[in-house]
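Then turn to the aromatic side chains.

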Amino acid sequence: MKAATWNVNSLRVRLPHVTQWLRTAQANILCLQETKLVDDDFPASVIEDAGYHVAFSGQKTYNGVATLSTSPPRDIVTALPGLDDPQRRVLAATIDGVRVINVYIPNGQEVGSEKYQYKLMWLESLLAYLQLELKSHTQLMLLGDFNIAPADEDVHDPEQWRDKVLCSEPERAMFQQMIGLGLGDVYRKFDQEPDTFSWWDYRAAGFRRNLGLRIDHILCSQESYAACVECVIDKAPRKWERPSDHTPVVAEFVKP
DNA sequence: ATGGTGGCGCGGCCA
């Protein structure tokens with residue numbers, strides 16, 4: 001079983017990339033972020049024709065998440081409990097007995113800004129939700145664009161990024177709190193090539209110069225973490241014509 | 001060089 005996450009930065013633009021990628025990746029679950037589509041405009045039939053079920057929660061212009069799966073999604077949740085938030089950033093579903101939580105964590109814009117405060121508040125709310133979900137699901141995966149590079153090894157130039165948004169200590173502390181709940185970062189379960197990232201800025205030829213960050217993650221509950229046998233970042237779609245600024249992160253699991 | 005590109009949607013916001 002393969003599960004993946006990909007911030008597509010507009011599904012309208014990137015739908016051909018998604019269907020192309022699905023043809024060879026053989027993913028059973030694909031979590032998308034930044035679909036930037038209202039639900040009425042969601043291309044469900046194209047995805048269903050590709051052999052996938054799909055659940056989605058979108059809004060105009062910004063944000064929006066969707067979860068594609070070869071098995072049907074059950075018990076869908078599209079909001080963090082207790083958080084009155086019009087921004088569509090979370091989509092939880094149970095797929096083949098696994099609780100799959102797809103998140104587009106706020107970017108935060110700049111340390112100390114209003115959007116940064118919103119990010120930390122949003123993360124507090126996510127932590128409470130995860131704590132709750134872990135009580136009822138031994139198989140749980142949290143996949144998405146976290147907008148957090150957890151450690152210096154996830155940053156092309158740690159000194160340049162020191163205390164900047166995506167790398168600041170309060171953000172990293174929130175990531176560690178997720179680890180503290182019993183979740184494991186499956187990418188770091190395995191030996192990895194240094195300087196492998198999941199996002200590169202469109203500006204300043206970021207991808208060509210590998211000026212990236214690893215901000216897209218797959219965190220798993222103990223049971224799912226133990227079942228993970230591989231995790232890779234697939235850089236191929238970032239090289240395609242008119243790419244997203246993110247590329248897919250993929251994890252493979254054996255049956256528990 | 002202290003910027004740059006890209007998406008949305010048509011001016012400016014967001015990343």
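Around DNA strand B there are 15 residues, and the closest are Ser10, Arg14, Lys60, Thr61 and Lys115. A residue is near a strand if one of its heavy atoms lies within 4 Å of it. Of the atoms of DNA strand B that come within 4 Å of the protein, 72% belong to sugar and phosphate. This is a predicted model: local features need pLDDT of at least 70, side-chain atom pairs count only at pLDDT 80 or more, and totals for chains, interfaces and linings use all residues. Residues are numbered from 1 along each chain as its sequence is written, chains are lettered from A and ligands numbered from 1 in the order written, and side-chain values use heavy atoms, leaving out hydrogens and water.

The surface near DNA strand B holds 7 charged, 4 polar and 4 nonpolar residues. Helix H1 (residues 11–25) gives the largest share, 3 residues. For Lys115 the corresponding distance is 3.2 Å.

Now the rings. They pair if the centres of Phe, Tyr or Trp rings (six-membered ring for Trp) lie within 6.5 Å; planes under 30 degrees apart are stacked, over 60 edge-to-face, the rest tilted. The count is 5 aromatic pairs. Phe42 and Phe56 are stacked, because their centres are 4.0 Å apart and their planes at 5°. Phe42 is buried, at 9% relative accessible area. Phe56 is partly exposed, at 26%. Buried means under 20%, exposed over 50%, partly exposed in between (1.4 Å probe, protein chains only). Trp200 and Phe207 pair edge-to-face, 4.8 Å centre to centre with 85° between planes. Both are buried.

Methods:
A polar contact is a pair of N or O atoms within 3.5 Å; within protein, one must be able to donate a hydrogen and the other to accept it, and residues adjacent in sequence count only if both atoms are side-chain atoms. Helices (H or I, at least four residues) and strands (E, at least two) are DSSP runs, numbered from the N terminus. Ala, Val, Leu, Ile, Met, Phe, Trp, Tyr, Cys and Pro count as nonpolar, Asp, Glu, Lys and Arg as charged, and the others, Gly among them, as polar.
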